[in-house]
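Here is a short report on how the parts of this model meet. Read it with the structure open.

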Amino acid sequence: MTLPAPTADQIWVWIKDWLVFHTPAPFQPLASILCIVAAIIVVFASLFALTVLLERKGLGRMQNRYGPNRVGPFGILQPIADAVKSLTKEDIVPRSADHVVHYLAPLVLVAASFLAYAVLPIGRNMTAVNLDAGVLFFFAIGSATELAVFMAGWSSRNKYSLLGAMRAIAQMVSYEIPLILSSIAVVMIAGTLSTSAIVDEQARYTHGIAHWFVFTPWGLAGFILFMIAATAETNRSPFDLPEGESEIIAGYFIEYSGFKFALFFLAEYIEMFAVSGLGITLFLGGWSSPVSFLAWIPSWIWFFGKLLALICCFIWVRGTLPRLRMDQLMNFAWKFMLPMTLFVILSAGVWRFLPATIAGSGALGAVVRWLVCAFIVLLPYVTLARALESGRKIEKREYRFAE
Amino acid sequence: MRTTLPFLILAVLTLAGGVAAMTLRRLVHCALCLTVAFAGLAALYLNLGAEFAGLAQLLVYVGAIAILIVFAILLTRGGDDKAEPSFSPAGAAGVVLAAAVFAVLGWAIVTSGILHQAANPAAPPAPMRSIGLALMQRYVLPLEVIALMLTAAMIGAVILALREKRPQPEQDQRSAQ
Amino acid sequence: MNPLAACLLVSALLFAIGLAGALTRRSAILVLAGIELMLNAANLNFIGFWRFGPHPEELTGIIFVIFAIAVAAAEAAVGLALILAIYRHARTSDVSEITEMKG
């Protein structure tokens, strides 16, 4: 076996092959798996550290303050200080807690969050497990996190943690439906559940522009709905009621301290990266470049660039929007998100069966198809928004306790 | 082809989860162990090459049914400790009956002679595309019926779980206190 | 051991466990859980027969399991809604205490 010469695009694949090539033959499958797992854990854990710093700095700027600026130059060593602090803190377990479940909950949560990366194509030929049912695997593994949240909330024997867990589960179950339905539109058009095949489908170019699904009307609407549902699914602001610190202190992980608390924190961000990565894979063309003349930039740089851009959007949204109320949250999921995702699926179906070009009319066919599909999404959006708005009266609220 | 070690490990895990789910005292523990059994079964399906069925099992059972059961336990105050009598004549009869059922099934399997028969060559894992085509062509009518049934079940569950209009006397007493 | 026989034995054992639980436990929720276990045992049989049967390309076993999972989901939803309704009425989910049909 000889190794092909490394290129910038395939450098990581080449390094992995080189490492596996130099291990004894019986251990080669094991070495291959270990390489991939270690790479995923190291890369995304350091991305976690980077994001925490970015978030604290960015939020600080948005709120007219400095953010962390004491550890290292401009505070860039803050994540290390945080890690040392959480590792050396005392691990407190409530006396009446259910010790086994209390111990297992963060482990299950972190393991399930990391497992989701198995099917994400983070570069050309860089999918850890190329499953035939990749998208289904992602959602199946994601559903295990709900149970971990329940385990954490129930085992702590604290009313706040139980309330937080119930809120979190109700929210995650409700928003999982729009999340899955909006990805069904992509699965329908791509005709496959495999994540790498979906990216391959989008990495084609006509007139130098990629076939990303976000460039179609249903894809754009689906992407927006997907990202809203993803925000709710990962309990990010403005959907962070499960851990609303002004009402139920910290939600389901209130009774966790030290390293276990850090694990919850880590899992939350890891989930956010994973679901953003799925959004990139489904709608933003995965590792492909948007225009063909930029295709020389290595595929993994494109993926992580898109991921960072989405993370910045998450931070921006967190710094901008106030937290929702529970009834607003549920109404939004069931009365707005669910019907809209159904219309997105309808629009994608129409897109599939309308001809892309009408003979002899140039670009007219494509424009007509674009307009028809955009209309199918826009009309219910306007109608739904009007209908939901009509029954609502905006009046001065009276506060009984706080003036 | 013989029974493989992963299959045995997963089978033991599934059965242990099932036994724990049916014997533990606390209802929430039972529900969590039941989830282990469901997840073990999903892994067994994956081990047998049924990728789609395994992932669907994980999505539906761990993601939905386990959550439903846990919610039902908390809503019926089953999370509190309640001492259940450890032995009762009816319970013993149930165990004996179940053992008898297992004995009959096991006897049927052993006497059928497949224990030492060479297995058919393992099937190639089913590609997702062929499952989709089968669902959309040959089994499209059952699929539609299932869709209708799920809708009916959803409406039925919502109506059943709706709070009754008439306030119950017990609740009145509680609110008066 | 023949892998199909192993499948069938595991499934039979799981069925017996589910049956024992459904017959002996007094909490209605656990009775439902026992029934779910029995359904799952049957599903394992289908997968085993599909995998080691003479016509794996027919996919009948997998399709049946998919339908069975959908039916089980509906059954769990309706069953738990019933348990909630009964609990609201009788203030218990213990099947041996729910003895009156008059309400």
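## Helix packing and chain contacts

In this predicted model, helix H5 (residues 134–155) of chain A packs against helix H6 (residues 159–190) of chain A at an angle of about 170°, and their axes are 8 Å apart. Angles over 145 degrees count as roughly antiparallel, so H5(A) is roughly antiparallel to H6(A). From H5(A), the residues that meet H6(A) include Phe139(A), Val149(A), Phe150(A) and Trp154(A). Among their partners in H6(A) are Leu162(A), Ile169(A), Met172(A) and Leu179(A). By class, this contact has twelve nonpolar, five polar and two charged residues.

Now to the contacts between chains. Two pairs of chains are in contact, and chains B and C share the most contacts. Chain A and chain C have no contact; their closest C-alpha atoms lie 14 Å apart.

The table sets out the two interfaces.

| Chains | Residues in contact | Buried area | Share on carbon and sulfur atoms |
|---|---|---|---|
| B and C | 84 residues from chain B, 69 residues from chain C | about 6800 Å² | 74% |
| A and B | 26 residues of chain A, 22 residues of chain B | about 2000 Å² | 77% |

Take chains B and C. The rule finds one salt bridge across their interface. Glu58(C) forms this kind of link with Arg138(B), and the closest N and O atoms are 2.8 Å apart. Eight residue pairs are in polar contact across the interface of chain B and chain C, both residues at pLDDT 80 or more. On the side of chain B that touches chain C, helices H1 (5–23), H2 (27–47), H3 (51–75), H4 (89–111), H5 (128–136), H6 (140–161) and H7 (169–176) of chain B each give two or more residues. H3(B) provides the largest share, twelve residues. By class, that side of chain B has 59 nonpolar, 16 polar and nine charged residues.

Turn to chains A and B.

Asp98(A) and Arg26(B) meet in a salt bridge through their side chains, at 3.2 Å from N to O. H5 and H6 of chain A each supply at least two residues of the side that touches chain B. The largest share, twelve residues, comes from H5(A). By class, this side of chain A has 19 nonpolar, two polar and five charged residues.

Notes. Residues are numbered from 1 along each chain as its sequence is written. Chains are lettered from A and ligands numbered from 1 in the order in which they are written. This is a predicted model: local features need pLDDT of at least 70, side-chain atom pairs count only at pLDDT 80 or more; totals for chains, interfaces and linings use all residues. Side-chain values use heavy atoms; hydrogens and water are left out. Axes are lines fitted to C-alpha atoms, for helices over the stretch in contact, and angles run from 0 to 180 degrees between N-to-C directions. Helices (H or I, at least four residues) and strands (E, at least two) are DSSP runs, numbered from the N terminus. Angles under 35 degrees count as roughly parallel, over 145 as roughly antiparallel, 65 to 115 as roughly perpendicular and the rest as oblique. Contact means heavy atoms within 4.5 Å. Ala, Val, Leu, Ile, Met, Phe, Trp, Tyr, Cys and Pro count as nonpolar, Asp, Glu, Lys and Arg as charged, and the others, Gly among them, as polar. Buried area is the accessible area (1.4 Å probe) that two parts lose on being put together, summed over both. A salt bridge is a side-chain nitrogen of Lys or Arg within 4 Å of a carboxyl oxygen of Asp or Glu. A polar contact is a pair of N or O atoms within 3.5 Å; within protein, one must be able to donate a hydrogen and the other to accept it, and residues adjacent in sequence count only if both atoms are side-chain atoms.
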